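Here is a protein model to read from the whole chain down to single residues. Keep the structure open as you go.

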Amino acid sequence: MSAATAAVPAAGSAPASDAGAPPVFSVEGLWKVFGPRADRVPADPALAALDAAELRARTGCTAAVRDVSFDVRKGEVFVVMGLSGSGKSTLVRCLTRLIEPTAGRIAIDGEDVRAMDGTRLRELRRHRAAMVFQHFGLLPHRTVLDNVAYGLEIQGMGRAARRERAAEVVAKVGLAGMEQRRPAQLSGGQRQRVGLARALAVDPEVLLFDEPFSALDPLIRRDMQDEVVRLHREEGRTMVFITHDLQEALKLGDRIALMRDGRVVQLGTPEEIVGAPADDYVRAFVQDVPREQVLTVRTAMRPASPAERTATGPTVTPDTTVSQAITTVSREGAPARVLDAGACVGVVDAETLLNVVAGHPATAPADTPAALSADVSAVEDVGGNSAVSDAGGPADEVPAGPTAVAGGADGSAVRGADVSAGRPAAGGDAPAGPGADASADEAAGGSSGVPAPPAGKESV
Ligand SMILES: Nc1ncnc2c1ncn2[C@@H]1O[C@H](COP(=O)(O)OP(=O)(O)OP(=O)(O)O)[C@@H](O)[C@H]1O
């Protein structure tokens with residue numbers, strides 16, 4: 001499915017995150033370099049400036065994450081998007097040190113993740129930031145209920161209490177009545193729901209999703225996306241969601257970090273990314289997106305005249321998509337006033353709306369968000385790198401998962417991707433990285449009940 005044919009309901013799909021609250025995750029100058037003496041790369045400006053091929057030729061290293069900085073706000077769905085090999089999985093695994101970062105700072109609720117000892121790390125992964133993978137590694141001999149209760153069992157919760165909690169969550173993800181089935185008696189989509197329920201059962205502060213739906217067929221995938229939107233709307237839980245699929249990113253993300261070659265090339269709302277691409281790469285990435293389904297009337301409206309401010313007639317809110325506004329304006333046969341908390345902040349008419357569809361610049365009124373007219377502010381501008389050595393070590397160099405093209409049904413976004421760049425040929429499960437106990441933690445975090453699940457990826 002191409003983005004052009006996709007329905008992309010972005011605006012208003014989730015509760016607004018709290019931009020003023022302290023961030024849940026705060027990442028600054030983060031690097032992950034795979035290869036020999038990896039820590040010299042971020043420490044040496046000359047090496048840090050090399051592109052991927054030169055760096056590999058000169059040092060044998062791959063910089064999977066390069067000097068990345070961002071905050072994940074409380075209550076938002078933060079999407080990490082990019083083509084295969086752009087560094088998404090590595091970045092998100094660094095957040096809980098399932099992969100050990102090479103340099104930079106990571107904090108969760110202000111606490112330094114890189115300074116955590118093994119016990120604290122386990123706690124982080126079990127209670128605070130649970131990961132949901134593409135393959136949930138459900139325990140085949142356990143029922144749905146017991147699979148969901150598994151993470152609680154690891155936490156030491158008593159049988160009755162955990163089964164009660166598990167039953168609640170099973171109902172929440174739409175599996176009521178299936179509690180006693182075993183994974184083999186479920187469809188792929190239902191299994192994904194069990195995995196999701198297992199992650200939710202431990203009530204983590206943040207859910208980290210690593211391409212959880214890319215192996216599902218498009219209809220089930222859409223169902224699961226709707227489920228995530230619904231859960232987010234109902235619970236306001238903070239989520240970090242990896243995807244290579246632009247449509248999915250636009251649908252789920254409050255904000256999207258678009259990665260290329262280990263860097264974040266643009267960080268912004270779907271509307272900012274589609275309405276004001278930071279560079280030609282992003283522009284090409286979003287060129288097939290139906291703009292009218294993503295951009296809101298904030299982008300399309302023109303200033304209201306004094307007479308229009310007090311006129312009657314059709315109205316829309318600033319979050320109304322251009323597509324919805326077109327319906328209103330054409331149905332009513334008149335321009336619509338844009339009302340924000342009762343005040344008229346602009347007007348949309350056939351011309352301003354069609355300008356958006358046609359990709360012409362809008363006549364931006366004074367109160368249009370600055371980010372929409374100033375691309376640069378949306379681009380991650382990261383400063384100097386702190387050169388912090390990591391433990392490195394052989395475990396780091398084991399492939400994080402055998403990926404060629406991620407297995408989504410709607411692979412338009414990955415076509416032409418550099419699927420082999422720097423990727424070791426051998427498959428294998430993800431190493432936990434130094435100090436990590438990924439299999440147990442991923443299980444406890446609701447992702448897997450079996451040792452070391454694949455890194456959420458499939459070879460094709
Ligand atoms: N353990 C490893 N050792 C060496 N290089 C690695 C390792 N893991 C990942 N890489 C390289 O780091 C880069 C980023 O990989 P990563 O898996 O983070 O990308 P991705 O965007 O998640 O890709 P995909 O969508 O295919 O999963 C790639 O060039 C990859 O080959």
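The protein chain has 21 helices and 13 strands. The model is predicted. Of the 460 residues in the chain, 50% are buried. Now take the contacts with a sequence separation of 6 or more. Residues 24 or more positions apart supply 75% of them.

Start with the helices. Find helix 8, residues 188-201, and helix 9, residues 218-235. Their axes lie 10 Å apart and meet at an angle of about 25°. Angles under 35 degrees count as roughly parallel, so helix 8 is roughly parallel to helix 9. The crossing of the two is right-handed. Helix 8 brings Gly188, Gly189 and Gln192 to the contact. Helix 9 answers with Ile220, Asp223 and Met224. Sorted by class, this contact of helix 8 with helix 9 holds two nonpolar, three polar and one charged residues.

Helix 8 also packs with helix 6, residues 144-154. Here the axes are 7 Å apart, and the angle is about 35°. This crossing, too, is right-handed. From helix 6 come Val144, Asn147, Val148, Ala149, Tyr150, Gly151 and Leu152. They meet Val194, Ala197, Arg198 and Ala201 of helix 8. By class, the contact of helix 6 with helix 8 has eight nonpolar, two polar and one charged residues.

Three strands form an open sheet in the order 11-12-13, and the pairing is mixed. Which strands stand at the edges? They are strand 11 (315-316) and strand 13 (343-348). Each has a single partner strand, so one side of each is left without a neighbour in the sheet. Strand 12, residues 336-340, pairs with strand 13 in the antiparallel sense over five bridges.

Now look at the loops. Serine 305 sits in the loop between helix 14 (297-300) and helix 15 (306-309). Is serine 305 buried or exposed? It is exposed, because 10 other C-beta atoms lie within 10 Å, and the cut-off for exposed is 12 or fewer. Serine 305 and valine 347 are 42 residues apart in sequence. In space, their C-alpha atoms are 8.7 Å apart.

Most residues other than glycine have a negative phi. Arginine 97 has a positive phi, near 60°. Its place is the loop between helix 4 (88-95) and strand 4 (103-108). Arginine 97 counts as buried because it has 22 C-beta neighbours inside 10 Å, where 20 or more are needed.

Aspartate 109 also has a positive phi, near 45°. Look for aspartate 109 in the loop between strand 4 and strand 5 (111-112). How many C-beta neighbours does aspartate 109 have inside 10 Å? There are 13, so aspartate 109 counts as partly exposed. To sum up the pair, positive phi values occur at arginine 97, which is buried, and at aspartate 109, which is partly exposed.

Key
Residues are numbered from 1 along each chain as its sequence is written. This is a predicted model: local features need pLDDT of at least 70, side-chain atom pairs count only at pLDDT 80 or more; totals for chains, interfaces and linings use all residues. Helices (H or I, at least four residues) and strands (E, at least two) are DSSP runs, numbered from the N terminus. Two residues are in contact if their C-beta atoms, placed from the backbone, lie within 7 Å. Axes are lines fitted to C-alpha atoms, for helices over the stretch in contact, and angles run from 0 to 180 degrees between N-to-C directions. Angles under 35 degrees count as roughly parallel, over 145 as roughly antiparallel, 65 to 115 as roughly perpendicular and the rest as oblique. A crossing is left-handed if the near helix is turned anticlockwise from the far one by less than a right angle, and right-handed if clockwise. Ala, Val, Leu, Ile, Met, Phe, Trp, Tyr, Cys and Pro count as nonpolar, Asp, Glu, Lys and Arg as charged, and the others, Gly among them, as polar. Two strands pair if DSSP finds at least two bridges between them.
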